[in-house]
Amino acid sequence: MEIFSHNSNVHFLGLRKVSIGIAILLMLASIALLATRSLNYGLDFTGGVQVEATYDNPISVEDVRSALDKGGIENATVQSVGGTRQVSIRFQPKDDKHYTLQEGSSPNLDLISNDVAKALQATRSDAKIASKNYVGPQVGEQLRSDGVTAAIFVIIFIGLYLWVRFERRFAIAALLTEAHDVLVTLGVISLVQREFDLTVLASVLAVIGYSINDKVVVFDRIRELFRSSRKGDAEEILNRSINSTLSRTIITSLFTSIAMAALYFFGGPSVHGFAITMLIGILVGTLSSIFVASPILLWLGVSKKDLMPVTKENPELARRP
Amino acid sequence: MSDFPRWRYFLVAVVLVLGTLYALPNLYLPKPAVQVSANHNAPVDQGLQQKVMAALQAAKIPYLDANIKHDVSRGDSILVGFANQDQQKVAADALKPVLGDDYTAAFNLQSTVPGWLSAIGGRPMPLGLDLQGGVRFLMAVDQNDVVDKQEIRYTQDIAALLKDKKIPFISVARGPTRGNGVNIVLNSSVDRSAASDAIATEYTDLNVTDGASTGNRFVLNAVIKPNKLHELSTSAIRQNLATLSNRINALGVSEPVIQAQGEDHISVELAGVQDPAEAKKVIGATATLEYVAGLGDARDPAVQDAVKTGNIPPDAHLYYNRQGAPFLVSKNIIATGDELVDASSGNDSQNGSPSVNVTLNSAGAAKMLDFTRDNVGKPMAVVYVERTTDTKIVDGKEVRTPKTTYQVINYATINGVFSNKFQTTGLGSAKEASELALLLKGGSLAASMDIVQEGVIGPSLGQDNIAKGLKAVLLGLSLVLLAAAIYYKLFGLVADVALFFNLVILVAVMSAIGVTLTMPGIAGIVLTLGMAIDANVLICERVREELRNGSTPLAAIRAGYEKAWATILDANVTHLIAALALTTMGSGPIKGFGVTLLIGILTSMFTSVTVTHAITALIHHGRKLKTLSV
């Protein structure tokens, strides 16, 4: 079975002005979104409120969760504490005027816990609030800086590897496309205001890995075709490379998406964020492998002679000063 | 087929067998158990076992088995297995009053992995807190304590250095506020510049500056450089990590996760433990040891006076020992527990009385040598410092008050000059000696710590999560398998077999090196499985291309594998770099995910290239092929 005609010859490079234009537009839009709406940071990053509730009779975590959802308290982390009659509820109160005290900017714990109690008692009258607390964001700060450091290292080392294995221009093109993919992925997360927690951060970092993997496959074919072709017309070779790797590019993202979709629909709420971010990232990464990476390469002026294996015993080279 | 040498078949077979073997323990679910262990050196023997069994029978709690487990590093314990968690809970509650304070009854999990599998090192993947439930503590290293200790140390070192170089000085003392370094007061500006040079050359970690000079007082200020302080706090974290690991191992918790978090935090996760008070007893007792000069014991009139009037000399502390006898000890610390390399109990060679043999590291040894040279015949004390944090709710807010208790655990006369190895005698009994040795060895923290956060996570979330995660893995896997088989026919089926083995080997490697499985880890497995097929897609597409270009089937396979390999390598190395960064720089869930991804990329490179090649070679071996099913 073949979904894609093997002799497809779509002139992707011909669309480069349009595709790069769209890419730049998307990047700018993402930057604007991140600057204005920011990310909806989760508890891991912001800290929040922790309320412990006790019940006279056993209750399941799922019931508590649905009661909170109905009561308008969203994205709460509910965990059972010790037995089956006590639960810990952690969530980030919306920065509502209603919760903010007159004198300070910190939310009013009593008001919040009253709301939690109301939400819980709507379904179970035996619910009681045992304690309420702030959870500090300090650890989140540290983990956030770890994540940023990790991302920077990933970018530097991948760039170096591509420079050594391919050529400088490939490293630059890959990193530029990479920046595009990460920005647009973050932009989408910001647009839909999905909660940005640690697992989402992990998946943004995984998107970097996935999308670079995707680009390298196309680059590899470009290198191969440059070396084997006689003429070495850059635009034609780049186009041929994209076309001949097209079915692989799409099949792989299809397969990975299938796995991620399974995770999204059946993996439970704690991996929702991870799976959906991965799905967005896979889509963005696949499109940029086809439409963005190679045009950048063309503009950077990649040519046949850059990619020929260096032969040391070349008398021509030896005679040069 | 000549393409695929025999040794590679052998390699594939060996890896597959080993992978299956080491993945196997995960199929044996552990059963809930209660572990009874001794707090001090109380005996764990048949008598105790009888007592435990009798208590359970009296409470009518059915148990599966009760065995004494001998463990050299963790100490003996009795493990009682139960059919379910409810019985485990009731049993622990029933045992606690019977056992008293000398023993702890803690929740644990008993492995059901058969003996022969354990014998070859097979063990199941430990489950993370999010999957199994347990207790989590976040501890902060007290940075003030790090600064305090270091400034006191430099104060002594500088005084010794000036004495050594024969530079006269009026005083060497710590600055009035913490972090202001050491103030040295000298007689003349000549002395000051000499001292400044001497200190700067000897201690390159200090910033030496001239202070105010009035008449005949010439002040010099030595402040610890910021990067040295940073280095000190990171090494304090490292030392504390090691100490905590020792202590928690002694508790007998299965698979604790103890890791540094950020600059000055350590997170401790005890999966399977449900009672934070029990765990806090051990890790909350953040203890450290100090060797200090003894200034007097209970017979001393100065000590009696201090006890009576509360007038303690400014350079001394009034501490008590376990029996309540008072002692005066110097404020200056000679050596601390973090400079201790080893401690063992034994008998004094001269009179046969119990003793503890201590080995210090070189820094501690130098200071000990200096001190003992000047103080033979004088007393030295070992002080045990314990920090606990009381948490109270005041006005709805948590208020934490750290409490520090000091106890003199040994007070003895210095018999001779010694440095790195020395003997502490004068102990009451052999038991006391071995207890002290244990305390010395396991009880030293480089800097004190406070528990800043604690939480219990219930297992119900875990069971829910693990079932969903498992379902997602299996569903994702079967969908990808199906898609590959439909799209690539026979080659797809071969890839499917390889993908399945990839899961097996991935699980085997994670189990063998003891990676804790967390929910992000499961997400990592799913992602790995989705991406592992990429190598096969590359190979299959290549083979198809070669066939289209008119190659013979066998040549197409050969060229397909050869040409795809370069791409697979490049693509996977870049991906590997990303995973490596996540593993080394991330923490918490990011790290768990990174480790899984890292191992997954490595195993998938093997299975999707070498294993599929072996199977393909086996299928097409010796056949005259006209077409390929790809």
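Which residue lies over the face of A:Phe166? In this predicted model, the residue in that position is A:Arg223, at 4.2 Å from the ring centre. The ring of A:Phe166 also belongs to an aromatic cluster, whose other members are A:Phe170 and A:Phe219.

A pair of aromatic rings is described by the distance of the centres and the angle of the planes. For A:Tyr41 and A:Phe196, the centres are 5.8 Å apart and the planes stand at 90 degrees, an edge-to-face arrangement. A:Tyr41 lies in strand β1 (residues 40-41) of chain A and A:Phe196 in strand β6 (residues 195-196) of that chain, so the pair ties together parts that are 155 residues apart in sequence. The two partners can also be described by their accessibility. A:Phe196 is buried, with a relative accessibility of 5%. A:Tyr41 has a relative accessible area of 24% and is partly exposed; the value falls in this class because buried means under 20% and exposed over 50%.

The contact between the two chains involves 68 residues of chain A and 67 residues of chain B. About 5600 Å² is buried between chain B and chain A, and carbon and sulfur atoms give 66% of this area. On the side of chain B, the three residues that supply more than any other three are B:Tyr487, B:Asp570 and B:Met585, with 11% of the area that chain B buries against chain A.

Five salt bridges are counted between chain B and chain A. One salt bridge joins the side chains of B:Glu545 and A:Arg221, with an N to O distance of 3.0 Å. Polar contacts across the interface of chain B and chain A link 10 residue pairs in which both residues have pLDDT 80 or more. On the side of chain B that touches chain A, two or more residues each come from β20 (449-457), α13 (459-512), α14 (519-548), α15 (553-585) and α16 (589-620) of chain B. The largest share, 19 residues, is given by α13(B).

Helix α16 of chain B also contains B:Thr610, which is buried at a relative accessible area of 14%. With neighbours within four places in sequence left aside, B:Thr610 is in contact with B:Phe4, B:Arg8, B:Val12 and B:Met605.

Backbone geometry was examined for positive phi values. Most residues other than glycine have a negative phi. A:Gln193, which is not a glycine, has a positive phi of about 55 degrees. A:Gln193 is found in the loop between α6 (168-192) and β6 of chain A, and β6 of chain A is the strand that holds A:Phe196. The relative accessible area of A:Gln193 is 27%, which places this residue in the partly exposed class. In chain B, the phi of B:Lys166 is likewise positive, near 60 degrees. B:Lys166 lies in the loop between α6 (143-164) and β6 (169-174) of chain B. B:Lys166 is exposed, at 73% relative accessibility.

How values were computed
Residues are numbered from 1 along each chain as its sequence is written. Chains are lettered from A and ligands numbered from 1 in the order in which they are written. This is a predicted model: local features need pLDDT of at least 70, side-chain atom pairs count only at pLDDT 80 or more; totals for chains, interfaces and linings use all residues. Side-chain values use heavy atoms; hydrogens and water are left out. Rings of Phe, Tyr and Trp (its six-membered ring) pair if their centres lie within 6.5 Å; planes under 30 degrees apart count as stacked, over 60 as edge-to-face and the rest as tilted. Helices (H or I, at least four residues) and strands (E, at least two) are DSSP runs, numbered from the N terminus. Buried means under 20% relative accessible area, exposed over 50%, partly exposed in between (1.4 Å probe, protein chains only). A charge sits over a ring if NZ of Lys or CZ of Arg is within 6 Å of the ring centre and within 35 degrees of the ring normal. Contact means heavy atoms within 4.5 Å. Buried area is the accessible area (1.4 Å probe) that two parts lose on being put together, summed over both. A salt bridge is a side-chain nitrogen of Lys or Arg within 4 Å of a carboxyl oxygen of Asp or Glu. A polar contact is a pair of N or O atoms within 3.5 Å; within protein, one must be able to donate a hydrogen and the other to accept it, and residues adjacent in sequence count only if both atoms are side-chain atoms.
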